[in-house]
Amino acid sequence: MTDTGSQQAPIRVMVVDDHPMWRDAVARDLAASGLEVVATAGDGEQAVRRARAVGPDVLVLDLNLPAKPGVQVCKELVGANPALRVLVLSASGEHADVLEAVKSGATGYLLKSASTEELLDAVRRTAVGDPVFTPGLAGLVLGEYRRLASEPAPAPDTDQPGAPQLTDRETEVLRLVAKGLSYKQIAERLVISHRTVQNHVQNTLGKLQLHNRVELVRYAIERGLDDE
């Protein structure tokens with residue numbers, strides 16, 4: 001017999017899209033695969049209210065929404081809860097839309113032309129913190145990280161006495177994150193568990209007083225860690 005008590009709780013997902021048939025179809029596919037769809041919403045204002053009420057693990061979010069645009073929804077929700085993962089599911093592959101979504105706090109970006117299997121895989125990977133992008137967009141995002149890093153910006157000064165110091169392993173993980181590796185790839189490279197990689201990233205975010213992967217990669221690139 002299977003010990004159901006030892007099984008992990010299902011990933012809690014919320015679907016936001018202004019097209020009812022598309023929204024219902026995505027929610028149905030996610031639920032059929034064993035994910036828990038805790039809410040849906042058809043506009044930006046509704047999305048913010050319901051997401052705050054139900055607290056999903058992953059928000060599957062369209063960008064083109066009435067009442068409030070998707071990037072604003074993402075910014076507000078991730079700003080209030082940095083643990084929330086946002087997977088943008090959009091018809092637009094425009095570079096400006098992708099970069100704006102990532103800057104607003106989205107973990108991944110998938111085109112609506114993706115298959116159901118690709119969507120399910122993307123939601124599961126997003127839930128554990130992996131960056132998920134439609135092929136061809138990952139390089140674009142990493143390039144934008146590098147562009148941002150070339151601009152002067154205030155950053156925690158770890159050279160000051162009493163500033164938080166990273167362990168050798170945390171620095172090693174940070175270097176691989178800056179190179180664009182997923183948590184799974186980092187785990188395989190360092191021969192440690194996926195969970196351990198997540199813990200190192202969370203500890204590093206806390207020590208450096210950063211809020212998300214975008215800020216973390218920018219911090220690493222500013223210090224040349226991606227070139228080592």
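Okay, let's start with helix α2, residues 44-54: Gly44, Gln46, Ala47, Val48 and Ala51 are buried there. Buried here is under 20% relative accessible area, exposed is over 50%, and partly exposed is in between, with a 1.4 Å probe and protein chains only. Helices are DSSP runs of H or I, at least four residues, strands are runs of E, at least two, and both are numbered from the N terminus.

Before I go on, the caveats. This is a predicted model, where local features need pLDDT of at least 70 and side-chain atom pairs count only at pLDDT 80 or more, while totals for chains, interfaces and linings use all residues. Residues are numbered from 1 along each chain as its sequence is written, and side-chain values use heavy atoms, with hydrogens and water left out.

Back to α2. What covers its buried residues? The cover includes β1 (12-16), β2 (36-41) and α3 (70-80), a contact being heavy atoms within 4.5 Å. At the start of α2, a side-chain oxygen of aspartate 43 comes to within 3.1 Å of the backbone nitrogen of glutamate 45. After α2 comes glycine 55, with a positive phi near 60 degrees.

Now the packing. The largest nonpolar core has 30 residues, and Met14, Val16, Leu59, Leu61, Val73, Val86 and Tyr109 touch the most other members. A core, by the way, is a set of buried Ala, Val, Leu, Ile, Met, Phe, Trp, Tyr and Cys residues joined through side-chain atoms within 4.5 Å. Elements giving two or more residues to this core include β1, β2, α2 and β3 (58-61). Its largest share, five residues, is from α3. There's also a second, separate core of 21 residues, with Val201, Leu210, Leu216 and Val217 among them.

Zooming in on valine 86: leaving out residues up to four places away in sequence, valine 86 touches Leu59, Leu61, Cys74, Val78, Ala106, Thr107, Gly108 and Thr126.

One more spot, aspartate 18, in the loop between β1 and α1 (20-32). Why does aspartate 18 count as partly exposed? Because its relative accessibility is 27%. Beyond neighbours within four places in sequence, aspartate 18 contacts Arg23, Gly42, Asp62, Asn64, Leu65 and Pro66. Aspartate 62 sits 44 residues from aspartate 18 along the chain, yet their C-alpha atoms are separated by 7.9 Å.

Zooming out to finish: the protein chain has ten helices and six strands, and 46% of its 228 residues count as buried. Of the contacts between residues at least 6 apart in sequence, 66% join residues at least 24 apart.

Definitions and conventions
Polar contact = N/O pair within 3.5 Å; in protein donor to acceptor, adjacent residues only side chain to side chain.
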